[in-house]
Amino acid sequence: MKTLALILVVAGTAVWAVQDKTSQEITAVKSAEIQWTHPDGAPEGMMAFHVSGDAKQGPIVDFIKFPAGTKVPMHFHSANHTVTVLSGTLTIGTTGTPETGKGMEIEAGGYYKIPAKTPHWTAALTKETVIA
């Protein structure tokens, strides 16, 4: 039992040492320095900023800005998504359309999780909305 405990301590220290070496740099970006771009195929005025990750390899983090009145029709994503509303109010629905307004409103500070390949629509109906 003491040998197992020693192995776990050594293994844990090795993992911590590897993690420590890879996390020596801090990336900080001021809001004025974010370089927003219009994603191909996105509704007019919608802007995005890619923070990290590769969608083909695993999780990603993107900021997406929806001008007031933006409606994104039914679509799906190939990976699970967890989305946080940073400002404004995002409406999301899995039936109907953004025009019917029968979705769930998520205000700033709230979030939603959606499984891969789940059809859904989103809309920023009344004010500019930013999500991550």
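Biologist: Leaving aside its neighbours within four places in sequence, which residues is Thr70 in contact with?

Modeller: Happy to start there, and please keep in mind that this is a predicted model. Thr70 is found in strand 3, which covers residues 70-75. Once neighbours within four places in sequence are set aside, the contacts of Thr70 are Pro43, Thr122, Ala123 and Ala124.

Biologist: Is Thr70 buried or exposed?

Modeller: Buried means a relative accessible area under 20%. The value for Thr70 is 6%, so Thr70 counts as buried.

Biologist: Which backbone oxygen lies 2.6 Å from a polar atom of the side chain of Thr70?

Modeller: Here we look at the side chain of Thr70, where a polar atom has a backbone oxygen 2.6 Å away. That oxygen belongs to Pro67.

Biologist: What is the order of the strands in the open sheet of 4 strands?

Modeller: The pairing in this open sheet is antiparallel, and its strand order is 3-8-5-6. Strand 3 and strand 6 (104-107) are the edge strands, each pairing on one side only. On average, neighbouring strands of the sheet are turned against each other by 20 degrees, direction ignored. To return to what you asked, the order is 3-8-5-6.

Biologist: Which residue in strand 8 is the bridge partner of Ile92?

Modeller: Strand 5 (residues 89-93) pairs with strand 8 (residues 120-124) in the antiparallel sense, over 3 bridges. In strand 8, Ile92 has as its bridge partner Thr122.

Biologist: Which residues have the most contacts inside the largest nonpolar core?

Modeller: In soluble globular proteins, nonpolar side chains tend to be buried together. The largest nonpolar core here has 13 residues. Strand 4 (81-87), strand 5 and strand 7 (111-114) are the elements that give two or more residues to this core. The residues with the most contacts inside the core are Phe66, Leu90, Tyr112 and Ile131.

Biologist: Which residues is Tyr112 in contact with, leaving aside its neighbours within four places in sequence?

Modeller: Tyr112 is one of the residues with the most contacts inside the largest nonpolar core. With its neighbours within four places in sequence left aside, Tyr112 is in contact with His81, Thr82, Val83, Leu90, Ile92, Ile106 and Thr122.

Biologist: Where is Ile34 found, and what is its relative accessible area?

Modeller: Ile34 is found in the loop between helix 1 (2-22) and strand 1 (47-53). Not counting residues up to four places away in sequence, Ile34 touches Val29, Phe49 and Phe63. Ile34 is buried, because its relative accessible area is 17%.

Terms used:
Residues are numbered from 1 along each chain as its sequence is written. This is a predicted model: local features need pLDDT of at least 70, side-chain atom pairs count only at pLDDT 80 or more; totals for chains, interfaces and linings use all residues. Side-chain values use heavy atoms; hydrogens and water are left out. Buried means under 20% relative accessible area, exposed over 50%, partly exposed in between (1.4 Å probe, protein chains only). A polar contact is a pair of N or O atoms within 3.5 Å; within protein, one must be able to donate a hydrogen and the other to accept it, and residues adjacent in sequence count only if both atoms are side-chain atoms. Contact means heavy atoms within 4.5 Å. Two strands pair if DSSP finds at least two bridges between them. Axes are lines fitted to C-alpha atoms, for helices over the stretch in contact, and angles run from 0 to 180 degrees between N-to-C directions. A nonpolar core is a set of buried Ala, Val, Leu, Ile, Met, Phe, Trp, Tyr and Cys residues joined through side-chain atoms within 4.5 Å.
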